[in-house]
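Please open the model in your viewer and keep the selection panel at hand. We will walk through it stop by stop, with something to select each time.

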Amino acid sequence: MEDYKNANVRNLNSGILSPFRRWSSKWSLWPCHFITSCCGVELAHAFASGYDGERLGTLNLGISRQSNYIIIEGTITRKMARALQFVWGQMPDPKFVNVIGACGQRGGIFWNSYNITHPSDIVPVDAFIPGCPITPEALLRGVRATQDKIVGIDRKTIDFKRVELPFEKQLEERMVPTSPKIFAPTPAIKVDVGRDVDWGEELKENLKRDLNGLYESITITDTNCIAIKTTRENLKAVAQKLRDQMKVDHVKSVNVIEVPHERKFIVEYIASSYTDEALMPVLITVFTEIGLKDPKVDSLSPIWESANYSEREMHEFFGVQFDGNKGMGRKFVLAPDTPDLPLRKEFKIAEERYVYEKGMSLDECMVPIEPPKDLYTPIPEEFIEGAYDKDEIVVPIGPHHAGSGHLRVTFRIKGDIIVDAIPEPGFVHRSMEKIAENKLYIQNVPLFERLAINDPVNMNLGYVRTLENALGIEVPERAQYLRTIMAELSRVEAFYYDAGIFSLFFGHTTGFMYAMAIREMVIEVLVKISGSRSAPSFLVPGGMRRDITDDVLKVIDNLTFAIHKRMKKFEDIFVYNPVTIARAKGVGVLTKADAIRCGMVGPFLRASGVNYDLRKIAPYEAYDKLNWEVTTGDDGDCLGRFLGRLAEIKQSIRIIKQAVDAVKRIPGPILSDDVLGEYKEAANDIKGNFFRVFGNLVLPKGEWTTVTEVARGTLLFSIMSDGESNVPYRVRVISPCWMNLRGFMEALKGERYADFWAVYGSFGYFPPEADR
Amino acid sequence: MLGLPVINNLIALLLWESFFVLIIMPGFAVLGTLLLILPWIERKMVGRMQWRVGPREISPRTRGIIQLLADSLRFLFQEVIIHKDAHKRYFLQFPFLYFIPVLLPLLFINAGTAGSPLVPIVSDYGLQLMVALICLMPVFILGLGWASNNRFAFIGTVREAFLYFAYEIPFIVAVFAMVVMYGTSNSVGVVDAQAGGLWGIILNPIAALTFFIAALMATARLPFDIPEADQEVSFGPFVEFSGIAFGLAYVMGYEKMYVLSALMTMLFLGGGSGPMIPGLGEVSYLIWFVLKTLIVMIVVVNLRGVYPRYRLDQGMKIGWNAMLILALVAVAWSLVIGAII
C-alpha cells in the first residue's frame, strides 16, 4: 500500500503536459457511484439541489471505467472490501480516493465490529473527512481538498502531536477509571417470565385448547405478548396448528439466544397475524430449548415463508441447523473471511481501554483488524448450471452498480424476462447486534440510529420504547406529542428519500433533485430541533433530551404549509409523468396472499390491501389522540406502493399539524419522573445529568419485545435481559427492509429486466437498514 | 501577403463555398465547438430545471463554460484500459470508424436558403444517401458492444439492435413523406420547396413529429435512453471504454444528434432561411441554420430533465405501433396536401 501512496499525484506531475493534466484532473473529478453505507444519504444531498457538487465539476457517474474518483461513504465491511478493491482496480489512472465518515477511518461507532475493515488497508486514500454522518458541506470540502492536493497545495489541517501533560503525577494518584459495564457471571436467561397483566387469559385458554399436548407451558409475558414453550420435536406441529387454526400467518422475528453456562440454545420465533384482526397486535413467541452440541431444529420456513431469510441469518451467526431450509451451510450475510459464528458468547470483540499505560505505542490502542484476505463470494453452483442450455444468461447486479445500492442480486434472465433472482445482502452488515451486547443500554441509542439515518427518529423511538416498556415508564404527555412530531418528520424524510431514489432509478434526475430539496427542508427543521442533520439521538428513555421551544414549533408549523408547494412540483414533474405511470403501473405485483406469506411490513403490506398499521392497531405516543387515516391500496404494484407512501406523507403532515397545535397547550416536563429518580432538576433538559440518570439502567429479567411502525414498516426490538447486568444479554433487531427482502424477490419473478429498478425503488429498500 | 501564391490559394480554398460549408460552418469547426459547448448548455439548463446551478467553479465569471474542456482533456490524458476478454482490435477501431457514418452526412446538408444553396455536394439522391449513412450508425455501436465482451454491453447492444429496428422504419417513412411532399430528394430542391416561410413543419407536422421522436430514439436521449440506460446497463455498449476511447464514444452521441438536428432543420425548418444580416452576405444563412440546429438540439437535451426512461418493450411498442402509424399517415397527408398545392 505504501508504494501506491500518492502515486497518482506523482503520476500527474510527470511529463511536459503536466500543467494541463493537473488542471484537467482537478476540475474533472468524476466520482464513481460507490455508495457503501449510510453516509450515502448525505452524498445524495451533496450532489442534489441544496449543495450541488456539480459546481465543482464533479459529476456523479456510475461506472468505474469512466470515473477517476471514489468517494467511500463510511463503513467498508469485509464483504464490501472485495468490491472496493475491484472497483479501484477497474478505474483508469490517475485516480483518487476520498473516505468520508468516521467509520471509514478507524471504524467510528463500529470500531470493534467483527465485520468491518479499514479502507486504508485496501486502497490508498487521498483524503479523509470525519463526521458521523458527515454533512454535505464537509463532503464538498473534501472534494476541494483533493483538488488542492492534485495541484500541489498541502491542506493538512490537523497535526497530531503528543502532549506530555504537566500534571501527570496528580493523575496517577487518583483512582483510575474503570469500565461502567457490569456483566453478571452466570446470567439468568428466561424467555417466559410471567407478568400479571390484565390481558390475554382468553387467548391463553384458546391456545391451550388448540395446542393440546404439544406445548410445555404457555405464559403471558406482557400486554400483547404471549410465550409458548415447546419441545424440539413439537415445534413444527405447533407452528402448523398456529397457522391453520389460529390464522397466525407470518413471522416477525427468528431469534437464537445462546446460554453457554447452561449448555443450551433458545430458538424462538415471534409470530403474528395479518388476517385475524384480534390477533394483529399480539406477538406470539414460540420457543424451544436445544443443546449446545450439534444444535438442530426443524425449519419453520415451509410453514412460515417469512422466516426463511432470518433462519439463514441465524444459522450463520450461531451455527444452529434449521433442517429443511435450503440455505443451510452457505454464506448469506457474512463474508467468507468473517470469523465463524460471531454472535456466540465465546467470540469476544474488543473492549474500550480506559487507562493509557505509559510506554504503550499508539498501535496497541488500535483495534487489531486484519485486512481481508479471501474476498471471493461465489454465486451458488446450482444457480448457474444449466443456464446456458436453457438459453438463459446469469447477470449479477451490485454491489457496485449505477442502479443498485449495496446489495447483490443475481438474475437468471431469459430474453428480457427475469426467471429467478437470488439476493445477497450483508454488504453493510456492521454487526449491530454483537456491538449492542457490549454497550450500556443508553449507549445503544446512537448505535441503533445508524440503522437508517434517513429515518433516524423512528429508529430511536423503536429502541427507546422497548426500554420504556421494560422499565414501565410512562412518558409525559408533552413529550409524547413532541416525539410524535419528530417521528412523523422523520417518516416524511424517509419517504422522500425513497421517492428520490425511485425517480433516479427511472433515469429521472429532476425527480431526485426535487425530492432531495424537499428533504432538505425537513432536515432543516430537524437541525433546528436537535442540532443534527440526520443523527439527532434526541429521544431518551422517558422522554427526550430537551424541550422544543415555541419558535421552533412555529417553524415546524410553517413547514407543513411550505412543503405543499414543492410537493406539488414534484408530483407534476415525476409522479404524474406519463412515462412514470407507464413504467410503474402493473409492474411487480405482490398479491395480498403473497404479501402475507412473505411477511411484508409497512406501506408495502398496506399497498397489497392489508389494513395493518401499528400506529392504529397498538397505538403508542400520541397517535390515538390525533385524527388521521391509514392508507391502503389494492393493486400491490410498484405504482401503488409508491403512491401509497406519497399519500402517507400527506397524512404525516396532517398529524404534525394537529400535534403542533395540541402541544402548544400542553405544559409540563418532557422527561418522566420514573426515570429521573432524584435528579428532578433535569425534567426539562437532561444536559448535565445524562450519565447519572441513564448510566446505570438495568432492565428487569426476561425478554422484552416491542414493535414500532417506522417509515418502511415494522421495526422489532427484542432485548434479552438477565436483570443484573447493565448491558443487554442479547438484542435482536428486525428492520423493515430485512423483512421486505423476501417479498422484493418474489415481486421480481416474471418481470422484465428493466423492471428490477422499478421494483427496487418501489420497495424503498435501504441496505444499511436491512443488513444492520 | 496575398501576393504569395500558397497563401492566396489556401485562402481561396477556405473560402471556396463547398469547402467552407463542409469544414467550417456548419461543418466540422462548428460541430467541434458545439461538442464542447452543448454538454455544458445541457448541464446548465438541466441544472436550472433542477433548482441548482450546474458546473461553475472552474471559471465563475463565465459560468463554467470551459467545463467540457477540462473533462475532455482529462479523458485524453487518462489511461485506456483494454480488458483481457475484449476483442482488442475492434475495441480500438470502432470508436474511430464510427466517425465515418457520423460525419459523412454533412456532405449533403444544405445550409442555404431558397435560391442560394450552400451545400458541399449537390446530389439528386442527397436525402437517400444521408438516411443510408444515418442508418449505418447503429451497426458500429453493435460492433462496440460486441468487442467489449461484457454482460451489460451485451444487454445494451441487444437493446440497441431492437430499438434500431423500431425507429428505423418510421424514420425512413417520415423522410419519404417529405420527399413525396417536396417532389425531390435533392437537398437543394428540398430547401427551395420551403421558400416563403412555408416550412416543412407547417406542411406536414405529423412527419416532423415522427422524425423528432425517431431522432430521440436514434440518439438514445431520454425518454428513449434505453440502450445506454446507466442505472440499468451502465452505458450499455460503452461500459468497458475508458479514457479517450470513452471520450470519443461520449461525444459520438452528440455528433449524431447534431447530424439529425441539421437534417431536421433542412427538412422541416426551412434550412438556412431567415432575414439577411447586413454585411455578412450568405454567411447569415449559415448563422440562421446553425441557430435553428442548436435550438433543436437544446430541445432534445432538455428532455433529460423532464422524462424518465421507457422500458425496452415500451420503446419498441411506440416504434412499431404509434410511430409507424404516424409515419404512414404522414405519407398520406403528403399525398393529399401535395395534390392540393
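In what order do the 3 strands of the open antiparallel sheet in chain A lie? The order is β14-β15-β16. Bear in mind throughout that this is a predicted model.

**Stop 1: the antiparallel sheet**

Select residues 393–397 and 417–424 of chain A, which are β14 and β16. These two strands stand at the edges, and each has a single partner strand, so one side of each has no neighbour in the sheet. From one strand to the next, the twist averages 20 degrees.

To look at one pair, pick Lys414(A), whose bridge partner in β16(A) is Ile417(A).

Next, show residues 736–748 of chain A, helix α26. This helix packs on the sheet, where it touches β15 and β16 of chain A. The direction of α26(A) makes about 160 degrees with that of β16(A).

**Stop 2: the parallel sheet**

Move to another open sheet in chain A, this one with 4 strands in the order β1-β2-β4-β6 and parallel pairing. Which strands stand at its edges? They are β1 (31–32) and β6 (127–129) of chain A; each has a single partner strand, so one side of each is left without a neighbour in the sheet.

Colour β4, residues 96–100 of chain A, together with β6(A): 3 bridges join these parallel strands. Ile100(A) has Ile129(A) as its bridge partner in β6(A).

Two helices belong in this view. Helix α4 (residues 78–90) of chain A lies across β1, β2 and β4 of chain A, and runs at about 165 degrees to β2(A). Helix α6 (residues 136–151) of chain A lies across β2, β4 and β6 of chain A, at about 150 degrees to β4(A).

While you are here, select Pro133(A), in the loop between β6 and α6 of chain A. The peptide bond that leads from Cys132(A) to Pro133(A) is cis, and its omega is near -15 degrees.

**Stop 3: a covered strand**

Select residues 730–734 of chain A, strand β21. How many of its 5 residues are buried? The count is 5 of 5. In a regular strand, side chains alternate between the two faces of the sheet. On one side of β21(A) you will find Arg730(A), Arg732(A) and Ile734(A), and on the other Val731(A) and Val733(A); both faces are covered.

**Stop 4: two buried arginines**

Start with Arg344(A), in the loop between β13 (321–323) and α11 (362–365) of chain A. Arg344(A) is buried yet has no salt bridge. Its nearest side chain of opposite charge, that of Glu258(A), is 4.5 Å away, whereas a salt bridge needs the charged atoms within 4 Å. A polar atom of the Arg344(A) side chain lies 2.8 Å from the backbone oxygen of Phe318(A). Beyond its neighbours within four places in sequence, the contacts of Arg344(A) include Phe265(A), Pro295(A) and Lys434(A).

Go on to Arg465(A), in helix α15 (residues 456–471) of chain A. Arg465(A) is buried and has no salt bridge; Glu621(A), the nearest side chain of opposite charge, is 4.4 Å away. There is a polar contact of 3.1 Å between the side chains of Arg465(A) and Thr708(A). Not counting residues up to four places away in sequence, Arg465(A) also touches Arg483(A) and Tyr620(A), among others.

**Stop 5: backbone details**

Select Arg263(A), in the loop between β9 (250–259) and β10 (264–272) of chain A. Its phi is positive, about 55 degrees, although Arg263(A) is not a glycine. Is this residue buried or exposed? Arg263(A) is exposed, with a relative accessible area of 55%.

Now switch to chain B and pick Phe235(B), in the loop between α12 and α13 (243–268) of chain B. Phe235(B) has a positive phi, near 65 degrees, in a residue other than glycine. At 15% relative accessibility, Phe235(B) counts as buried.

Finish at Pro223(B), in the loop between α11 (205–218) and α12 (230–233) of chain B. The peptide bond from Leu222(B) to Pro223(B) is cis, with omega near 5 degrees.

Conventions:
Residues are numbered from 1 along each chain as its sequence is written. Chains are lettered from A and ligands numbered from 1 in the order in which they are written. This is a predicted model: local features need pLDDT of at least 70, side-chain atom pairs count only at pLDDT 80 or more; totals for chains, interfaces and linings use all residues. Side-chain values use heavy atoms; hydrogens and water are left out. Two strands pair if DSSP finds at least two bridges between them. Axes are lines fitted to C-alpha atoms, for helices over the stretch in contact, and angles run from 0 to 180 degrees between N-to-C directions. Contact means heavy atoms within 4.5 Å. Buried means under 20% relative accessible area, exposed over 50%, partly exposed in between (1.4 Å probe, protein chains only). Lys and Arg count as positive and Asp and Glu as negative; His and the chain ends are not counted. A polar contact is a pair of N or O atoms within 3.5 Å; within protein, one must be able to donate a hydrogen and the other to accept it, and residues adjacent in sequence count only if both atoms are side-chain atoms.
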